[in-house]
Amino acid sequence: MTRKVNSLVALTLTAALLAGVAEAQQFGMGAGPGWGRGGMMMNGPGRGRFPIIDADENGVVSAEEAASAAEEVFAAMDADDNAELTMEEYLTVRMGPQDGWNKTRQAAREEEKTARFGEMDSDKNKVVSQAEFIAGAKARFEAADGDKDGKVTPWEWRSQQWN
């Protein structure tokens, strides 16, 4: 009987520990929508999505890394996998935590995102194709590349994000 109780206690503790680890991942250092590499890094170098896009971790984002990231973001947004984004699909995906603390800032960000959708929709058919999305991402990369060397440094990235 003691062996069964010990086994049950060990199993229960293991399950509790694993559940705690899974819950901690949401806001921990693991990949995913938390505060680690999968989300916003407020205190680390290259805050925000920069360290995620900088796949080779060399401190700059190359055009290839930016293009790959744009493809991944498009795929994440394209909920019905039809190679087009509707306004609803585009607005549904939030890149980073949205805690709703500052409703005015949140509304301004949504207006900016809506405007970006309109800019990307070059044929004005109310959907953004993958080609239009990639073209928009390329334009943002080129705008961020201040010295036009084909790479975006953390300084260039942050300058672009603040404008």
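A salt bridge, as I use the term today, is a side-chain nitrogen of Lys or Arg within 4 Å of a carboxyl oxygen of Asp or Glu. Please bear in mind that this is a predicted model. With that criterion, a search of the whole structure returns 2 salt bridges.

Let me begin with the pair in helix α5. Here the side chains of R109 and E112 form a salt bridge, with an N to O distance of 3.4 Å. Both residues belong to helix α5, which covers residues 103-120, and they are 3 residues apart, about one turn of the helix. How accessible is E112? Its relative accessible area is 38%, so E112 is partly exposed. R109, at 39%, is likewise classed as partly exposed.

The other pair is K138 with E142, whose side chains meet at 3.9 Å, N to O. These two lie in helix α6, residues 130-144, with a spacing of 4 residues, again about one turn of the helix. K138 has 51% relative accessibility and therefore counts as exposed, the cut-off being over 50%. E142, by contrast, is partly exposed at 40%.

I turn now to the overall architecture. The protein chain contains 7 helices and 4 strands. Read from the N terminus, their order is α-α-β-α-β-α-α-β-α-β-α. Of the 163 residues in the chain, 28% are buried. The accessible surface amounts to about 11,100 Å², and carbon and sulfur atoms account for 58% of that area. Among contacts between residues at least 6 apart in sequence, 41% join residues at least 24 apart.

What, then, makes up the largest nonpolar core? It has 12 residues, among them V73, F74, L85, Y90, F117, V128 and F133. Helices α3, α5 and α6 each contribute at least two residues to this core. The largest share, 4 residues, comes from α3. The general background here is that, in soluble globular proteins, nonpolar side chains tend to be buried together.

Leaving aside residues up to four places away in sequence, F117 touches L85, T86, M87, Y90, K126, V127 and V128. There is also a second, separate core of 9 residues, which includes F50, A69, F141 and V152.

Thank you for your attention.

Note on methods
Residues numbered from 1 in each chain as written. Predicted model: local features only at pLDDT ≥ 70, side-chain atom pairs only at ≥ 80, totals over all residues. Heavy atoms only, no water. Buried < 20%, exposed > 50% of the residue type's maximum accessible area, 1.4 Å probe, protein only. Contact = heavy atoms within 4.5 Å. Areas by Shrake-Rupley, 256 points an atom, 1.4 Å probe, with all protein chains shown as cover. Core = buried A, V, L, I, M, F, W, Y, C linked by side-chain atoms within 4.5 Å.
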